[in-house]
Amino acid sequence: MKRTTLSLFAATAALAALGGAAVLAVPSGGEGGGSAAARTAAKAPARLPVQRSMALCPAPTSSDVGETAYTAFTPAGGVKGATAKQGTAELLSAAGSDKAGSDKKDDGKGGSKGDGKDSKGAKDKKDEKGKKEDEKGGKAPAPAGTSVLSLKEPGKPATATTNRSDAPALIGGADGALAPGWTVQQTTVVAAGSGRGLHGLTCTAPDTSFWFPGASTAKGRQDYVHLTNPDSTAAVVDLELYGKDGRIASGAGEGVTVPPRGTVPVLLSSLTDQPAEDVTLHVAARSGRVGAGLQAADDKKGGDWLPASAEPAADAVLPGIPGDATSARLVVFAPGSDDADLKVRFAGPNGTITPAGHETLHVRSGMTAAVDLGDVAKGEAGSLLLTADGRSAPVVAALRVTRGKDDKQETAFIPAVRQLGGRATVADNRPKGSTLALVAPGKEAAQVKVTSSAGSEGGEPAEKTYTVKPGTTVTVEPPQPAGAKGVFAVTVEKVSGGPVHASRTLALPKDGVPMFTIQPLADDRSSVEVPEAEQDLSMLNR
């Protein structure tokens, strides 16, 4: 037997397992058993539960009238036979950082070009507020590494709240029985001012690349990208902006250093002297890895977090346009060397139609294209489907969706979403406030199982299976947990059939404003494929 070859294979498999945070299970066997090929080749990959998950939550708001809820959840049954005592899950405060770029552009009046939150006057106001809180016995901001929220058991959400305007970014990790599918939701209600509305975000895993079509550097918009570094060494990140004419020159966006276990917010309008309504932001890590979140605040249309688009692909699915949306603006970017020609279709409850006047879209290579689709839903909730029209080239895409009228408008974003893999979870759901959008974009129907967890303060889980016909969107309220108290989590699993994509809308109307936020449902990273080796890993010690 070639022990060296097998040892190297086992070592490679073990390293792959560590990188994916999975357990590697291998069968044992003697030298004489099976064929020579079986002894030297890897078996089909096995899908095993991850051993560790990470979630990075950006600083939620700098508003004095903002309230933030954090909800953490791990689905039950992730590791067979394991108990909650065999795992931990915790969110810790990150090292803080002043907002970058807020003082880089003078408005001609001695102040910054931003929204004023970071000007000297705003800082003095915040310092004064902090002093008053101290005088009343209020707590100072938590130092880095302080525990903010712990999850004790799978199957039941854990929550924490804050109304601090200086609440920090959070760095979270889960291991053991609490790691598979561990999900954290951050939900903030901003009652007034620029960006008023419901700001929701599924906290992200660290990565080296994020695409944000639908960002803006226009007057009246304040878009901040928040970069959070979970590691013990600094990360270096490039922020690339692309407009309708291509790459926007921005030396200030190159080589942004994110300190170890720290966070850096950057105002996008500080990166360019050319305001643009529609831009695409690419966050690319030169070294290290980060979590990236983009928060948009509009002076008139509220605000929300803009989730990152799915990785560039020839087709794109954007699920969950509300039926009462008053407008929908599509933003698409082609990052490759070829132009993209796309068919535009709307998948509603009864089938697929082509929006009049918007049958196709041409996107030039390296440029951002945008089109106003108006009230494309026309009273029926649905999803937008983009498919290659002859010329195939990868794209990233997002929708800016507006509800309400006049001074009661509110905005949310829908990015292109990957199809459901094994399972997807969204943690913070409220009775009568949550809606799921399930779309089957192909020619095959799909069956989807939806499970609502017990509430954070009690109750029993509930589940229901839905059939999604080809080319349609099914919009449903998730099943309500029996006797649920508090918030609950919703898990979506594809049972059978063709591809299906999903999103969750959370609506919390306030003072006549239709506050809402939309989160894409992608794979919750509960498992990872690991090759099965022919020999036991004890060979590594020989």
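This is a predicted model: local features need pLDDT of at least 70, side-chain atom pairs count only at pLDDT 80 or more; totals for chains, interfaces and linings use all residues.
Which element gives the most to the lining of the largest cavity? The answer is β17, with 3 residues.

**The cavity**

Rolling a probe the size of a water molecule over the atoms shows where empty space is left. A search of the whole structure finds 1 cavity of 30 Å³ or more, and the volume of the largest cavity is about 40 Å³. Its lining consists of Leu56, Cys57, Pro58, Leu201, Thr204, His226, Thr228, Gly291, Ala292 and Gly293. Two or more of the lining residues come from each of β2 (52–57), β11 (221–228) and β17. By class, 5 residues of this lining are nonpolar and 5 are polar, while none is charged.

**The second largest pocket**

The second largest pocket has a volume of about 780 Å³. It is lined by 33 residues, of which Thr204, Ala205, Arg418, Ala522 and Arg525 are the closest to its centre. Thr204 also belongs to the lining of the largest cavity. At least two lining residues of the pocket are supplied by each of β8 (183–190), β9 (197–202), β10 (209–215), β17 (291–298) and β35 (516–521). Among the elements, β10 gives the most to this lining, with 4 residues. The classes in the pocket lining are 19 nonpolar, 8 polar and 6 charged residues.

**Two open sheets**

Strands of a sheet pair through backbone hydrogen bonds, either parallel or antiparallel. The table sets out two sheets of this model.

Strand β20 (residues 327–333) is joined to strand β26 (residues 396–403) over 7 bridges in the antiparallel sense. Within that pairing, Leu330 has Leu399 of β26 as its bridge partner.

The antiparallel strands β30 and β31 are joined by 7 bridges, and Gln447 stands opposite Thr467 in β31.

The loop between β30 (446–452) and β31 (462–468) contains Gly458. Leaving aside residues up to four places away in sequence, Gly458 touches Lys156, Gly483, Ala484 and Lys485. The C-alpha atoms of Gly458 and Pro157 are separated by 9.7 Å, although these residues are 301 residues apart along the chain.

Strand β6 (residues 158–162) includes Thr162. A polar atom of the Thr162 side chain lies 3.2 Å from the backbone nitrogen of Arg164. With residues up to four places away in sequence not counted, Thr162 touches Gly66, Glu67, Thr68, Tyr70 and Ala167.

Definitions and conventions
Residues are numbered from 1 along each chain as its sequence is written. Side-chain values use heavy atoms; hydrogens and water are left out. Two strands pair if DSSP finds at least two bridges between them. On a 1 Å grid over the protein atoms alone, a cavity is a set of points where a 1.4 Å probe fits but cannot get out, and a pocket is an open set with protein on both sides within 12 Å along at least five of seven lines; lining residues have an atom within 4 Å of a point. Grid points are joined across faces, edges and corners, and a volume is the space filled by probe spheres set on the points. Ala, Val, Leu, Ile, Met, Phe, Trp, Tyr, Cys and Pro count as nonpolar, Asp, Glu, Lys and Arg as charged, and the others, Gly among them, as polar. A polar contact is a pair of N or O atoms within 3.5 Å; within protein, one must be able to donate a hydrogen and the other to accept it, and residues adjacent in sequence count only if both atoms are side-chain atoms. Contact means heavy atoms within 4.5 Å.
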